[in-house]
Amino acid sequence: MSAAVEPGRPLVVIVDDDDDVRSALYELLLSVGLDSACFATTQELLQTKLPDRPGCLILDVRMPGISGLDLQQRLIRSGNTKPIVFLTGHGDIAMTVQAMKAGAVDFLTKPVRDQALLDAVGNAIEQDIAQTAVASRVREASERFATLTPRERQVLREVAKGRLNKQIAFDLGLSEITIKLHRGNGSRKMQARSATELIRIWELLPEGLRDERS
């Protein structure tokens, strides 16, 4: 894997204790233009700082030390939502259910058809790109929210509920002109050109920010 790679180029992380499997997966992904980083154990992966690139993980289930399923739970607890494709020769229904309930993209058994694996990896990469895009919009909305005054937050919160200026003015004991001023200033800060767009941006905010106590 080249050290100088554009940040948006996908990277597939392979964790499998079978040397032959890792090599085969690496060659398969390379044949369709995908970069890979290979690890024999989950411990090796956890000790490595990987570049921030879109992609996914291909995990074996049963490995020495931390299993693939254990790694999935550890990543979830740490807030890492990188999509996972499980590939195992020792799977059962219970494992499959556990993995899928925890958000795995797919649970495949060895030997696996090349196209089935590539399809799963492709879906996982698309999911990661989509998740990253949403996270970016949430971050941007939160940063804009931080620039609002307490009154602007109060007014926009009511606008996001679908309430009219005159209703908000009555509840807050302010003039309708004052509400329009706060609404206009707040909407500009949130970069919302309409009430519909404001509601859409507002819904992106974490619940704690949208809450009336914030």
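## A parallel sheet and the helices around it

Strands β1 and β2 run parallel and are joined by 5 bridges. One of the pairs to look for in this predicted model is V12 with its bridge partner S36 in β2. As for burial, β2 is mostly covered, with 4 of its 5 residues buried.

Now for the sheet as a whole. It is open, has 5 strands in the order β2-β1-β3-β4-β5, and its pairing is parallel. The edges belong to β2 (35-39) and β5 (106-109); each has a single partner strand, so one side of each is left without a neighbour in the sheet. From one strand to the next, the twist averages 20°.

Over at β5, 4 bridges tie this strand to β4 (residues 84-88), and the two run parallel. Here V85 has D106 in β5 as its bridge partner. Helix α4 (residues 93-101) packs on the sheet at this spot, touching both β4 and β5. Helix α5 (residues 114-145) lies across β1 (11-15), β3 (55-59), β4 and β5.

Here are the helix directions, each paired with the element used as its reference:

| Helix | Reference element | Angle |
|---|---|---|
| α4 (residues 93-101) | β5 | about 150° |
| α5 (residues 114-145) | β3 | about 135° |
| α5 | α9 (residues 195-204) | roughly 105° |

Which residues of helix α3 (residues 68-77) are buried? They are G68, L69, L71, Q72 and L75. These residues cover an arc of only 160° around the axis, which puts them on the same side of α3. Just after α3 comes G79, which takes a positive phi of about 85°.

Back to α5, which also has a helix partner. Two packed helices are described by the angle between their axes and the distance between the axes. For α5 and α9, the axes come within 8 Å and cross at roughly 105°. By residue class, the contact divides into 6 nonpolar, no polar and 2 charged.

Key: Residues numbered from 1 in each chain as written. Predicted model: local features only at pLDDT ≥ 70, side-chain atom pairs only at ≥ 80, totals over all residues. Heavy atoms only, no water. Pairing = 2+ DSSP bridges. Axes fitted to C-alpha atoms, helices over the stretch in contact; angles between N-to-C directions. Contact = heavy atoms within 4.5 Å. Buried < 20%, exposed > 50% of the residue type's maximum accessible area, 1.4 Å probe, protein only. Arc of directions from axis to C-beta. Nonpolar A, V, L, I, M, F, W, Y, C, P; charged D, E, K, R; others polar.
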